[in-house]
Amino acid sequence: MKIIMLGAPGAGKGTQAKMIAEKCGIPHISTGDIFRANIKQGTELGRKAKTYMDQGLLVPDELVCDLVVDRIKQDDCERGYILDGFPRTIPQAHALEDALSAIGQKIDYAIDIDVPDENIIDRMAGRRSCPKCGATYHIKYNPTKAEGICDVCGGEVVLREDDKPETVKNRLSVYHEQTQPLIDFYSERNALAEINGVQPMEKVFEDIVNLIGA
Ligand code: AP5
Ligand code: MG
């Protein structure tokens, strides 16, 4: 099963991708997580990506496409994968399509988690992430058991650098300009599924499970 998670920043792509990956036993590949790991390790890629991410801009296609195309060729992707945050531009979608069609494959589902802009700001301001293990919480909708402490690894949870309101506004406009056109792209390929993202997380998950028959 090869799945793409579409949707605005904060729509719940990561939250749902993690749960689906676990249920289906396939890898969750988040380009945002890959960049954040590189930033933490101080790599050249991380250094380059950070200058864009901190402003709420997209990292250039040439730094993203090969990275993902190489990743999905690894052995653990044989039974499928969930791409979270890729593709994000039409050139990225073409790069993925070309790489897959070269081996006679295609994406099964492009799932668009639909959440209006007005809900996004609230979600981002309340999100807390664990820089150590990557777990994500929300102070209202999905709080940690002990305040400020990650349930999974005991690390300190923080507001992501790009979740400050000014940066979130930029990320939203970049989303509408560059990523939303992918909805038509995958609709034309009969791969698009729209899911209502303004429901409790468990209900969003249930809708996705029913859709993909997992
Ligand atoms: P990335 O990390 O992918 O960020 P994003 O797309 O902006 O999405 P988020 O991770 O912010 O949100 P999400 O949809 O995963 O929501 P979440 O589940 O956390 O990318 C970061 C940056 O990296 C980009 O800006 C760009 O610079 C760069 N980048 C990455 N990929 C790239 C690419 N392909 N090309 C170029 N650049 C790239 O949920 C959000 C919050 O809401 C959480 O607190 C959660 O607990 C809560 N929540 C989730 N679901 C619900 C619900 N149903 N009800 C209530 N609350 C909910
Ligand atoms: Mg995410």
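**Reading a predicted model, feature by feature**

Modeller: Asn190 sits in the loop between α8 (181–188) and β7 (192–196).

Colleague: Is Asn190 buried or exposed?

Modeller: A residue counts as exposed when its relative accessible area is over 50%. Asn190 counts as exposed because its relative accessibility is 74%.

Colleague: What is the phi of Asn190?

Modeller: The general idea is that most residues other than glycine have a negative phi. Asn190 is not a glycine, and its phi is positive, near 55 degrees.

Colleague: Which residues does the cis peptide bond join?

Modeller: As a rule, most peptide bonds are trans. Here a cis bond links Phe86 to Pro87, with omega at about -5 degrees. To find Pro87 in the view, go to the loop between β3 (81–84) and α5 (90–101).

Colleague: Where is Asp54 found, and how exposed is Asp54?

Modeller: Asp54 belongs to the loop between α3 (44–53) and α4 (61–71). Its relative accessible area of 34% is why Asp54 is classed as partly exposed.

Colleague: Which residues line the second largest pocket?

Modeller: Among them are Gly14, Thr15, Lys18, Met19 and Glu22, along with Cys133, Tyr137, Asn142 and Met201. By class, the lining has six nonpolar, four polar and two charged residues.

Colleague: Which element gives the largest share of that lining?

Modeller: The largest share of the lining of the second largest pocket comes from α1, with five residues. Both α1 (13–24) and β6 (136–138) supply at least two residues of this lining.

Colleague: Next, the ligand. Which residues come nearest to ligand 1?

Modeller: There are 35 residues around ligand 1, and the nearest of these are Thr15, Leu57, Arg88, Arg127 and Arg171. The shell around ligand 1 is made up of 15 nonpolar, 12 polar and eight charged residues.

Colleague: Which elements each supply at least two residues of that shell?

Modeller: They are α1, α2 (31–41), α6 (117–126) and β6. Four residues of the shell come from α2, and that is the largest share.

Colleague: How far is a backbone N or O atom of Leu57 from an oxygen atom of ligand 1?

Modeller: A polar contact is a pair of N or O atoms within 3.5 Å. For Leu57 the distance from a backbone N or O atom to an oxygen atom of ligand 1 is 2.6 Å. Lys13 has a backbone N or O atom 2.9 Å from an oxygen atom of ligand 1. In the case of Val59, a polar backbone atom lies 3.0 Å from a nitrogen atom of ligand 1.

Colleague: How much of the accessible area of ligand 1 does the protein cover?

Modeller: On its own, ligand 1 has 1,000 Å² of accessible area, and the protein covers 96% of that.

Key: Residues numbered from 1 in each chain as written. Chains lettered and ligands numbered in written order. Predicted model: local features only at pLDDT ≥ 70, side-chain atom pairs only at ≥ 80, totals over all residues. Heavy atoms only, no water. 1 Å grid on protein atoms, 1.4 Å probe; cavity = no way out; pocket = protein on both sides within 12 Å on 5 of 7 lines; lining within 4 Å. Nonpolar A, V, L, I, M, F, W, Y, C, P; charged D, E, K, R; others polar. Near = heavy atom within 4 Å. Polar contact = N/O pair within 3.5 Å; in protein donor to acceptor, adjacent residues only side chain to side chain. Areas by Shrake-Rupley, 256 points an atom, 1.4 Å probe, with all protein chains shown as cover. Buried < 20%, exposed > 50% of the residue type's maximum accessible area, 1.4 Å probe, protein only.
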